[in-house]
Amino acid sequence: MATEAKGGDFTSNLGRVYAVYTGGFLAFVIFIAILERVGVPNHILGYLFVAFTIGVYAAIGILSRTMQVDEYYVAGRKVPSFYNGMATAADWMSAASFIGMAGTLYLLGYDGLAFILGWSGGYVLVATLIAPYLRKFGCYTVPDFLAFRFGGNAARIAGIAVLMACSFTYVVAQLVGTGLIGARLLGMSFELAVFVGLVGILVCSMLGGMRAVTWTQVAQYIVLIIAYLVPVVILSAQKYGIPIPQLTYGTVLSEIQIKEAALGVAAAASHTTPFVRYDPLNFFALVLCLMVGTASLPHVLMRYFTTPSVREARQSVAWTLLFIFILYFTAPAYAAFAKLEVFENVIGKPLAQLPSWIYSYGKIGLIQICGVNAVDVASITAACGRIAGHTGILGLSNFAIQADAIVIATPEIAGLPYVVSGLVAAGGLAAALSTADGLLLAIANALSHDVYSRMINKNAPVARKLVIARVLLIIVAILAAWVASGRPADIVAMVAWAFSLAAAGLFPALVMGIWSKKTTSAAAVAGIWAGFLTTLVYLVVTRYFPGFGVNVMGMYSNVNPVTGAALVDIAKLKAEQPQIFQQTMVAINHPLASRVGYFNIANISAGLFGMPIGFLTMIIVSKFTTAPSTEMQSFIDDIRRPRGAPVMIEKAG
Amino acid sequence: MSEPNKVQAHWAETQRLTYIMIGIWAFFSFFIHMFATSLNGIKVLGFPLGFYMAAQGSLIVFVAQLFWFSKAQDNVDRKYGMAEDD
């Protein structure tokens, strides 16, 4: 395969190498399609997809092995901006973007676009405020910068704490994602799929660190973007004769509106009506938290440490956003096409005449009709028969589809052969693995570089540092897989929390560290903890300890975005069911969980409290502490201009 | 221009460019979507305009903006002799 071409002057041949790789991948897909035609069973084809793609990633990982610190932590700082953009896009787009985003848009309509806006606009902040300056500074990790700028290990520890809090749940979610993809698309057991994911991550990252992860992520981006575009492009060509779904779904949206009117959907609940699920305050708060969080997540920022220059770091952010944009502006098309299919061929049809894809995905629990999983005609007929007055025609309220089903089901909706479903599975796997690689490296590097090399054993020899780095990588990976195999129910919600935590904990310190010469070490450390803990407490109390929140912290009910009525009547509940105001931990379906708070801010946007508190703490404490030394101020000047040597030069390369 | 003056002027112009970028970002991230309900009354190729701006329009602006920014900032760096060697 193409990876054999990875020889001495690999970076000068990148274009050719990845062109051959892409051609090889397409040839492989055609080969699978031929196997399908000659009658090879689907699950064998699915396994071939997984084995082939993970085999390629492993080959890249092994060929990119290294014993140099600079290569291990920052890929030798010679990744061209275009390829770093691709790698960062794969690093960024997770299982949630690939599988979940289109479904979220299907379910939330306009309000789901908060995720599209939030997860793209953040790169403007990355490019203008942070990444080029950190590249000039020349660090290996984000806590490295905090420690240098803010006088040592107190700031380093604060940075590591925030990094761990946002990255660990995120990596667990990626492994849960691989488990779900394996179970739903390939018929593996959940645990086996998590284990395959674990192996897939370790073979990429362990031997070659950042160098291997970079070249693997480029390969994974190519797989995931092909897999994402193919089904919906074909669907668009079938329906409108134009293979550009991003354009044709305007027509789909118009047709959806006509159908909605015919089905009696209120205009306020229409697919394109804004501020139905989130009121404007929560919509914009969520957009802001996702954007600012994007600009502070360590696994994204550290990718810009790998470019050859500050200039290329900036260009690289632009390329990253372009590559992300290709997927993100397609996601709403998926949602629209799926919704129209449901309105045209599912709702309002007799139960016996539903399309067969309903049952394919009902069997694996993604579609419910009349409250039961849609396994076959008999079971849904029986279930709907138990509803008084049901006429045997499927109504809108009888039908429930899980967000994850939209992307997964589209190939079958379009009547495409199984090979396309296998391709989508390979793409989802690539998205989950590439993100997990980056996160795992961010966590393990913080432990090996910041904790071990900087705080425990400052004079460790290079070989020892790299062994420690690899051992820690394996330990963190196994720990994450172990947590993931327990199928933590809240994990997807917790990923959204990572953005608020990073936004409140890291963003103020990074921005002030670069843009203000007056911010002092004590101020930064106080600000990181103040912002981070404020956000963490709000998240944990509103979700897990709402009783404590109401009784002790004076929280009150959030309101319905359309009617403005309280979600829960606290006074009435207190009189009728005082036991639900227990101050112990509550489950996700508890009547108060995530329904109380301050100022009607949902906990997903908790960074809205932490961010200003972080900034204010830094500004106020700076006024009462001694200003940074003139030496530090001239270092800051150095960071601000691209020309000249990096501020921090690692000893022992 | 003397060296310290150049450093100051370079940073002043870098700041100005950054503020412009943040202004554009804020406009297309927040301001324009506050009028989503009224913009939805306008249809372009079937797209309600408010929906289109959040689904595609703003994103296109962000991508174009970042390529422009990397070029513009590089020009600022070169003007004051602060750019890296090619």
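Predicted model: local features only at pLDDT ≥ 70, side-chain atom pairs only at ≥ 80, totals over all residues.
On the α5(A) side, the contact is made by F98(A), I99(A), A102(A), G103(A) and Y106(A). Helix α18(A) contributes A405(A), I406(A), V407(A) and I408(A). Eight residues of this contact between α5(A) and α18(A) are nonpolar, one is polar and none is charged.

Chain A also holds an open sheet of three strands. The strand order is β2-β1-β3, and the pairing is antiparallel. Strands β2 (372-373) and β3 (399-401) of chain A form the edges, each pairing on one side only. Strand β1 (residues 367-369) of chain A is joined to β2(A) by two bridges. These two strands run antiparallel. Within this pair, I369(A) has V372(A) of β2(A) as its bridge partner.

At the level of domains, chain A is divided into three parts: domain 1 (46-333 + 415-488), domain 2 (338-402) and domain 3 (521-640). Taken over C-alpha atoms, the centres of domain 1 and domain 2 of chain A are separated by 34 Å. Contact between these domains of chain A involves eight residues of domain 1 and nine residues of domain 2. Helix α11 (residues 245-263) of chain A supplies five residues, the largest share of the domain 1 side. By class, the domain 1 side that touches domain 2 of chain A has four nonpolar residues, one polar residue and three charged residues.

The contact between chains was examined next. Here, 40 residues of chain A are in contact with 37 residues of chain B. On the chain A side, the elements that give two or more residues are α6 (113-137), α11, α12 (280-294), α14 (310-328) and α27 (630-640) of chain A. Helix α14(A) provides the largest share of this side, with ten residues. The side of chain A that touches chain B divides into 24 nonpolar, ten polar and six charged residues.

Key
Residues numbered from 1 in each chain as written. Chains lettered and ligands numbered in written order. Contact = placed C-beta atoms within 7 Å. Helix = DSSP H or I, 4+ residues; strand = E, 2+ residues; numbered from the N terminus. Nonpolar A, V, L, I, M, F, W, Y, C, P; charged D, E, K, R; others polar. Pairing = 2+ DSSP bridges. Domains from an automatic or database assignment.
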